[in-house]
Amino acid sequence: MRIALLRLATVAASAVAALALGTGFASATGGEHDPVSTPADAPISIQVTKLSQSDAAARFRSSGITWSSSGGCTNRQNSTCTSFEQINLTTVQGGQTFKSASGCAVNITGGTEVGHASGTYSHYNGYKIDISLSSCVTGYIQRNFTAIGGNQWRSGSGNIYYLESNHWDITYYNCGGC
C-alpha cells in the first residue's frame, strides 16, 4: 500500500512540475498527452474547468478586478474585445489570488479573444490574461517573484508573469494558492 501511494505521489508531483515548466505533460483537452514526457503505461489527464463570459465576469467583479477593451466588447472572435468565454477557472482564481495578495488595482486588457499567440498554454485556451501596467503591480511582481530572464518572473506556485511593452502577460498553470 505504501509503495502504491508513493508511486501515485511521484506521478502527481511529476505532472505538477511538468505543467509548471510548460513541458506539455498534459494538455488542456484532458485526454491527450505528450508521448515524450508521459510514459505510455501511465497517461495523465488534467481536467480543466471552463467558465462562461458571465460567470468569469461575476467572479472578477466580486474581487474588485476590472477589465477594458479597445473595442468595448466581449466577443471572443474579435481581437479588439476582451473576452472571458472559455477561460479556465484556475486562471480566474489566479487573478483573484494576485489581486488579494498584492492589494493592487487589477485591470484586465486581454483574455480568451483571438489575436494572441497560439499554443497549449495560450490566451485562447484559457490559461492567460493580460493586465494593465501600474507601479503597484510591477513592484509587487518584481519584489515577490523570482526573475527567470527575458522579462519574466515566476511566482512561488509556478505561474509566469511576463512584462511586455505595455502590459503584464500572465500564464496561470494553477490558482496561485487559492
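Of the 178 residues in the protein, 40% are buried (under 20% relative accessible area, with a 1.4 Å probe and protein chains only). This is a predicted model, in which local features need pLDDT of at least 70, side-chain atom pairs count only at pLDDT 80 or more, and totals for chains, interfaces and linings use all residues. Residues are numbered from 1 along each chain as its sequence is written, and side-chain values use heavy atoms, with hydrogens and water left out.

**Whole chain.** Show the cartoon. The protein has four helices and nine strands, where helices are DSSP runs of H or I with at least four residues and strands are runs of E with at least two, numbered from the N terminus. Their order from the N terminus is α-β-α-β-β-α-β-β-α-β-β-β-β.

**Helices H3 and H4.** Select residues 89-102 for H3 and 135-144 for H4. Two packed helices are described by the angle between their axes and the distance between the axes. Here the angle is about 95 degrees and the axes are 11 Å apart; the axes are lines fitted to C-alpha atoms over the stretch in contact, and angles run from 0 to 180 degrees between N-to-C directions. H3 and H4 are therefore roughly perpendicular (65 to 115 degrees). Now show the side chains in contact (heavy atoms within 4.5 Å): Phe98, Ala101 and Ser102 from H3, and Cys136, Val137, Tyr140 and Ile141 from H4. Six of these residues are nonpolar, one is polar and none is charged (nonpolar: Ala, Val, Leu, Ile, Met, Phe, Trp, Tyr, Cys and Pro; charged: Asp, Glu, Lys and Arg; polar: the others, Gly among them).

Stay on H4. Its residues Val137, Thr138, Gly139, Tyr140 and Ile141 are buried. What covers the buried residues of H4 includes H3, strand S5 (128-132), strand S7 (152-154), S8 and S9.

**Second largest pocket.** Select Lys128, Tyr162, Glu164, Asp169 and Thr171, which lie nearest the centre of this pocket among its 14 lining residues. Strands S8 (160-163) and S9 (167-171) each give two or more residues to the lining. The lining divides into five nonpolar, six polar and three charged residues.

**Ser83.** Which loop holds Ser83? Ser83 is in the loop between strand S2 (66-67) and strand S3 (87-88). Ser83 is buried, with a relative accessible area of 0%. Leaving aside neighbours within four places in sequence, Ser83 is in contact with Gln53, Thr74, Asn75, Arg76, Gly111, Thr112 and Glu113. Finally, select His123: its C-alpha atom is 9.8 Å from that of Ser83, though the two are 40 residues apart along the chain.

Note on methods
Parallel < 35°, antiparallel > 145°, perpendicular 65-115°, else oblique. 1 Å grid on protein atoms, 1.4 Å probe; cavity = no way out; pocket = protein on both sides within 12 Å on 5 of 7 lines; lining within 4 Å. Buried < 20%, exposed > 50% of the residue type's maximum accessible area, 1.4 Å probe, protein only.
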